[in-house]
Amino acid sequence: MYAIVSIAGQQFKVAKDQQIFVHRLQGDEGANIEFDNVLLGENEGKFKLGTDLKSAKVSATILSHLKGDKVIIFKKKRRKGYKKKNGHRQQFTKIQITGITL
């Protein structure tokens, strides 16, 4: 059984007991959260879409909040002496899927 769910503007294919990294979510570590924007669900080879999924939910537990790898942004214009270096670390939340209800 798996589902495709929209979490924080991105779509993820999730299954029970799977751990994924998503963009930073509100909530403390150990808190339970539910996502009700389920786009597709599969159970024993039978697919459900659209109006069949109005009551579908995916529940998850927040494991930790962390930062991703550093991304270096470097801008330069040749022969002008212009150089700009910047860095960024995206904040993520690690969640574990605890259940899928179709």
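The predicted protein has an average pLDDT of 94, and 100% of its residues score at least 70. Among its elements, strand β7 (residues 57-77) shows the highest confidence, at a mean of 97, whereas strand β6 (residues 46-49) shows the lowest, at 89.

Strand β8 (residues 82-101) pairs with β3 (residues 19-23) in the antiparallel sense, over five bridges. Strand β8 also pairs with β7, again in the antiparallel sense, and here 18 bridges are found. Residue T93 of β8 takes part in both descriptions: V22 stands opposite T93, and H65 likewise stands opposite T93. Strands β7 and β8 form a hairpin with four residues between them, and in this hairpin R79 adopts a positive phi near 60°.

The largest nonpolar core comprises 19 residues, and the most contacts inside this core belong to I7, V14, F35, V58 and I95. Two or more residues are contributed to the core by each of β1 (2-7), β2 (10-15), β3, β4 (32-35), β7 and β8. In soluble globular proteins, nonpolar side chains tend to be buried together.

When neighbours within four places in sequence are left aside, F35 is in contact with V5, I7, L25, A56, K57, V58, A60 and I95.

Key. Residues numbered from 1 in each chain as written. Predicted model: local features only at pLDDT ≥ 70, side-chain atom pairs only at ≥ 80, totals over all residues. Heavy atoms only, no water. Pairing = 2+ DSSP bridges. Core = buried A, V, L, I, M, F, W, Y, C linked by side-chain atoms within 4.5 Å. Buried < 20%, exposed > 50% of the residue type's maximum accessible area, 1.4 Å probe, protein only. Contact = heavy atoms within 4.5 Å. pLDDT = per-residue confidence, 0-100.
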